[in-house]
Amino acid sequence: MKKLLHIQLLPLLSGVQNFSLHLLDGLPADMYDIHVACKPGGNFVDATRKRGWRFIPLPSLVHPISPLDLISFFHLLWILKRERFDIVHTNSSKTGLLGRLAAWLIRVPMIVHTSHGLPFQKGQSPLKYGFFIFLEGLANHLCHKVIFVNNSDRLRCIEMKLITKSKATTINNALPISLVEKLSAIAKARSNRDEDTFTLGSTMRFSTQKNAVNLIACACRACESNPKLRFVIIGDGEHLELCRQIVRSHNLNARILLPGWDSRILDWLPLFDAFILYSRWEAQPFSLIEAMHSGLPLIGSKIPSIAELVEEDCGFLIDLDAHKELIKLLISLPEKRILLQKMGEAASKRISGICDYQTMVGSYRNIYEMDGVE
């Protein structure tokens, strides 16, 4: 039995943490002794303990760069030296650096990192951008395999010489079969809906990455032009209150609902006519995968990672910051019901062929079983 550690940053149940849950659920219990480490407290910790996995708290972990990172690093070093794991699998940028460095120093036999998005993005200061590039290249050097969840990030890192081709691979995110079956049932149940309203929905973090403020501003403008439009955006984050203020300033509280975080996505998806995600950058969001499995057409930003999933027959992609174009499209959606229904059906078929759960779990198992290459 191999002793496996998954390292996460925060104890939330967002896409990165759900990735670990989905993957680890698929591993044979008689072949892997599963441990999970992250900041204590939160639903993710409850979920790991409910499954019977051992939880290792890292109380000094925080999201922004902090002097506490040095404490977290030495804590990790001590844990890895004490536990002697066969496999250390890191997730996210900060824990990816700290965990890979600690595992490399301890000489863990197999060090794996999944890149859930690159830390360097357009709009950062040149100093920050360059610093993050340096750290990413260093961390990639310290592990045996880096898994990208889309091809665009992998190719970009290879082109920038941040990783060798042999060390980088792409494995698409995927949902457990039981969840896919429930989402597929939602897709099959879709039928002609009330044509007096048209509801666009989303599940996302209200953050700069998700472009939340611009999305809500465009939603307000579109609602003022077409009385049929409704929006339901589920999630929390640092920009949630600002977005609620924007909605209130337009007197649209009854038509643009921002209820906060709600994990009951299966209850919400049947209420949507289309799914919208206007992010500035993404890796491969589970929210989009869930929406496609449920037969929803997609409205998204035209960025490489989203374009890998959403082709022309599945929805509409709009350039970032093309706000007038986005508003115009949103206004027109209630009159495109027949086309959108076909797009939703195409989205469901497409995602089933790309994001397969058994393929995802099998691909990670193949890596876990490899001999580490120094």
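This is a friendly dialogue on reading a predicted model, one feature at a time.

Reader: Let's begin at the start of the chain. Where is M1 found, and is M1 buried or exposed?

Author: Remember as we go that the model is predicted. M1 is found in the segment before strand 1. With a relative accessible area of 65%, M1 is exposed, because exposed means over 50%.

Reader: Which residues is M1 in contact with?

Author: Leaving aside neighbours within four places in sequence, M1 is in contact with A29, D30, M31, Y32, D33 and D86. Look at M31 in particular: M1 and M31 are 30 residues apart along the chain, yet their C-alpha atoms are separated by 4.6 Å.

Reader: How should I read the strands that follow?

Author: Here is the general idea: side chains in a regular strand alternate between the two faces of the sheet. In this structure, strand 1 (residues 2-7) pairs with strand 2 in the parallel sense, over 6 bridges. Strand 2 is mostly covered, with 6 of its 7 residues buried.

Reader: Now helix 2. Which of its residues are buried?

Author: In helix 2 (residues 43-50), the buried residues are F44, V45, A47 and T48. They lie on the same side of the helix because they cover an arc of only 160 degrees around the axis. On the other side of helix 2 you will find R49 and K50, which are exposed.

Reader: What do the buried residues of helix 2 pack against?

Author: Their packing partners are helix 1 (15-25), strand 2 (32-38) and strand 3 (54-57).

Reader: How do I read a positive phi?

Author: Just after helix 2, G52 takes a positive phi of about 85 degrees. R84 also has a positive phi, near 55 degrees, in a residue other than glycine. Look for R84 in the loop between helix 3 (68-83) and strand 4 (87-91). N251 is not a glycine either, and has a positive phi of about 55 degrees. This residue sits in the loop between helix 9 (240-249) and strand 10 (256-260). N251 counts as exposed, at 71% relative accessibility.

Reader: Is N140 buried or exposed?

Author: N140 counts as buried, because its relative accessibility is 2% and the cut-off for buried is under 20%. Its place is in helix 5 (residues 126-141). Beyond its neighbours within four places in sequence, N140 is in contact with R100, V146, L162, I163 and K167.

Reader: Finally, how do I read a pocket?

Author: The general idea is that rolling a probe the size of a water molecule over the atoms shows where empty space is left. In this structure, the second largest pocket holds about 480 Å³ of space. Of the 21 residues that line this pocket, R190, S191, G295, L340 and Q341 are the closest to its centre. Helix 7 (177-189) and helix 14 (337-354) are the elements that give two or more residues to the lining.

Reader: Which element gives the largest share, and what kinds of residues make up the lining?

Author: Helix 14 gives the largest share, 7 residues. The lining of this pocket divides into 7 nonpolar, 7 polar and 7 charged residues.

Technical notes. Residues are numbered from 1 along each chain as its sequence is written. This is a predicted model: local features need pLDDT of at least 70, side-chain atom pairs count only at pLDDT 80 or more; totals for chains, interfaces and linings use all residues. Side-chain values use heavy atoms; hydrogens and water are left out. Buried means under 20% relative accessible area, exposed over 50%, partly exposed in between (1.4 Å probe, protein chains only). Helices (H or I, at least four residues) and strands (E, at least two) are DSSP runs, numbered from the N terminus. The arc is that of the directions from the helix axis to the C-beta atoms. Contact means heavy atoms within 4.5 Å. On a 1 Å grid over the protein atoms alone, a cavity is a set of points where a 1.4 Å probe fits but cannot get out, and a pocket is an open set with protein on both sides within 12 Å along at least five of seven lines; lining residues have an atom within 4 Å of a point. Grid points are joined across faces, edges and corners, and a volume is the space filled by probe spheres set on the points. Ala, Val, Leu, Ile, Met, Phe, Trp, Tyr, Cys and Pro count as nonpolar, Asp, Glu, Lys and Arg as charged, and the others, Gly among them, as polar. Two strands pair if DSSP finds at least two bridges between them.
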